[in-house]
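Biologist: Could you walk me through this one? I'd like to take it piece by piece.

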Amino acid sequence: MANSVFNVPYPVNEPVLSYAANSSEREEVLATYSALFNQTIEVPMRIGNQDVKTGITDTLQPPHDHQHKIGYYHKAEKKQINEAIEAALSARKKWSQMEWTSRAAIFLRAAELIAGPYRAKINAATMLAQSKTIHQAEIDAACELIDFLRFNVYFMQEIYENQPESSPGIWNRISYRPLEGFVYAISPFNFTAIAGNLSAAVAMMGNTVVWKPSDHQIYSAKVIMEVFREAGLPDGVINMVFGDPVMITDTVLESPDFSGIHFTGSTDIFKGIWAKIGANIHNYKTYPRIVGETGGKDFIVAHPSASPKEVATGIVRGAFEFQGQKCSAASRVYLPKSLAQDVIDFVKQDLNGLSMGSPADFENFVTAVIHKGSFDRLVHAIEQVKKDSDAEILIGGTYDDSKGYFIEPTVVLTTNPKYFTMEKELFGPLVTLYVYEDADWKKTLTLVDQTSEYALTGAVFSNDRYALEEAFQALENSAGNFYINDKPTGAVVGQQPFGGARASGTNDKAGSAANLMRWVSPRLIKETFIPASDYRYPFLES
Ligand code: NAD
């Protein structure tokens, strides 16, 4: 029985390894990649204490080599989803009553496993499943997931320490109860770290979870589950299911014990789920917590005082790393006429030097987009631009899906600030530039604010402090993560808590105490040491 107030280790961000030529980490990850690439794995679901194989399967293949099979996974029918809900509800009591320090220890151990023995495997799995270069895999699957786990454990302690004032003769306390019921986590394909965090953040606070990863991240989701289990996560706390997202979601939302959703993915899907929760509201035992981080149409706006080279670097890194498939990726850029040509020339120079291909070849900066649906959406957009008179392709615009889903990094120039590629999330390596008259800086800020339904990330480049102030004020509600003289991507846990508003999400800031607070229901306890024994107050005296 613990009778002390313990402190968890102070979190520090996991250092990013370089994978430079001849480094040991480079050799290890390449050997692991090659071993995984040359085998076919079977991925069962994990429900309670069972590896569940239904025999209804689908194949897994790397997006950069879509004819090559690396595994197959089992899909659920309604029966298995109900079993996953049951498993979560059965595990709840013991898990929620476990000492919080033991829960902390499990997730801290998971962080250490990823930092050490599982680092090469989770990175190689992410390179294979999601076609990330080693650098993109390292900052996501290794470092960001480790950071989520370490920092969230620390924030959990801060939450528990947060206690109300007491007055003489009275002791006020708050206990941070897990939610009653179970929580549903739905994760996107694009970040292994998000996939791990959506269930871990909820479970850490004492809840049990049904987790549905994206069909396009299952290969690395399997490694996350291996890590959690090796770290000592008890059976039934996180139940991982695969299959038809609509069937799974409808089954989960039918349960009266559904107590919350932790979603990351696209806006329309989230709105649809929200509407279903609303339609079911009378069936639930408690008001479900609804947390969703969704799409973006992230901007870079340059003031005439900006450095063209810095703006160009922000565009190249912000728009094309991981093929533009970050929710924070820059996809619309506003350039003043006086700088536009210089910026375009620098971007051209950079893109000429970029190579594209398999992530196993470390010279490649860009690899494939995630799947055929994404490839087709981008091809359609590129072909539309070629036809339209108010836009043109400045750089790129080619594509090839004969081996993998490759789209060349593409820069579009438009004369129409409301052109569809300035408004619509395309989620790929395509960025659109709009050139404004230098004198129209203020009008342009209004345009930036009003062009898209999203408000996730945005960046302003300027060396004029008054202009920065203007942008800061005019764009107050245009981005939940606002960058000054930096690219709009690359948020680090513990340093830049992440999330946007408007159609970009509920802005509960992943990797912060604000997010963890959504997974508890505080109970206030007031204890009076000497209770009152007379109902009359002094004012009642005549
Ligand atoms: P997606 O919306 O296609 O899928 C997300 C998850 O929802 C997957 O698990 C998918 O299987 C599931 N899903 C799909 N249809 C569903 C339905 N009808 N009902 C219930 N679940 C359903 O998104 P994606 O392509 O995996 O990821 C890209 C999207 O995620 C982009 O819009 C991106 O901006 C967004 N994203 C946002 C953030 C953020 O923090 N704001 C972070 C990462 C990704």
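Biologist: Let me start with a cysteine: is Cys327 buried or exposed?

Modeller: Cysteine 327 is buried, with a relative accessible area of 15%, which is under the 20% cut-off. Please keep in mind that this is a predicted model.

Biologist: And Cys143, buried or exposed?

Modeller: Cysteine 143 is buried too, and its relative accessible area is 3%.

Biologist: How many disulfides are there by the distance rule?

Modeller: The count comes to zero disulfides. Cysteine 143 is in no disulfide, since the nearest cysteine sulfur, which belongs to cysteine 327, is 18 Å away, whereas a pair would have to lie within 2.5 Å to be counted.

Biologist: Changing topic, how is the chain divided into domains?

Modeller: There is a domain 1, made up of 24-294 together with 505-525, and a domain 2 that covers 298-484. The C-alpha centres of domain 1 and domain 2 lie 31 Å apart, and the contact takes 25 residues from domain 1 and 29 residues from domain 2.

Biologist: What area do domain 1 and domain 2 bury between them?

Modeller: Domain 1 and domain 2 bury about 2,300 Å² between them, and 64% of that is on carbon and sulfur atoms. On the domain 1 side, the residues that lose the most area to domain 2 are His64, His66 and Phe189, which together account for 24% of what that side buries.

Biologist: Now the sheets, please. What is the strand order in the open sheet of seven strands?

Modeller: The order is β14-β17-β18-β13-β12-β20-β21, with mixed pairing. Its edge strands, each pairing on one side only, are β14 (391-395) and β21 (481-484), and the twist averages 20° from one strand to the next.

Biologist: In which sense do β13 and β18 pair?

Modeller: Strand β13, residues 330-336, and strand β18, residues 430-436, pair in the parallel sense over five bridges. Within that pairing, tyrosine 334 has tyrosine 434 in β18 as its bridge partner.

Biologist: Which helix packs on that sheet?

Modeller: Helix α12, residues 372-387, packs on it and touches β14, β17 (410-414) and β18, with a direction that makes about 115° with that of β14.

Biologist: And the sheet of three strands, what is its order?

Modeller: That open sheet has the order β1-β5-β4, and the pairing is mixed. Its edge strands are β1 (41-43) and β4 (57-60), each of which pairs on one side only, while the twist averages 25° from one strand to the next.

Biologist: How do the pairings with β5 go?

Modeller: β1 and β5 run parallel and are joined by three bridges, with valine 43 having tyrosine 73 in β5 as its bridge partner. β4 and β5 (residues 71-74), on the other hand, pair in the antiparallel sense over four bridges, and there threonine 59 stands opposite tyrosine 72 in β5. Helix α7 (residues 218-230) lies across β1, β4 and β5, running at about 75° to β1.

Note on methods: Residues numbered from 1 in each chain as written. Predicted model: local features only at pLDDT ≥ 70, side-chain atom pairs only at ≥ 80, totals over all residues. Heavy atoms only, no water. Pairing = 2+ DSSP bridges. Helix = DSSP H or I, 4+ residues; strand = E, 2+ residues; numbered from the N terminus. Axes fitted to C-alpha atoms, helices over the stretch in contact; angles between N-to-C directions. Contact = heavy atoms within 4.5 Å. Buried < 20%, exposed > 50% of the residue type's maximum accessible area, 1.4 Å probe, protein only. Domains from an automatic or database assignment. Buried area = accessible area lost by both parts, 1.4 Å probe.
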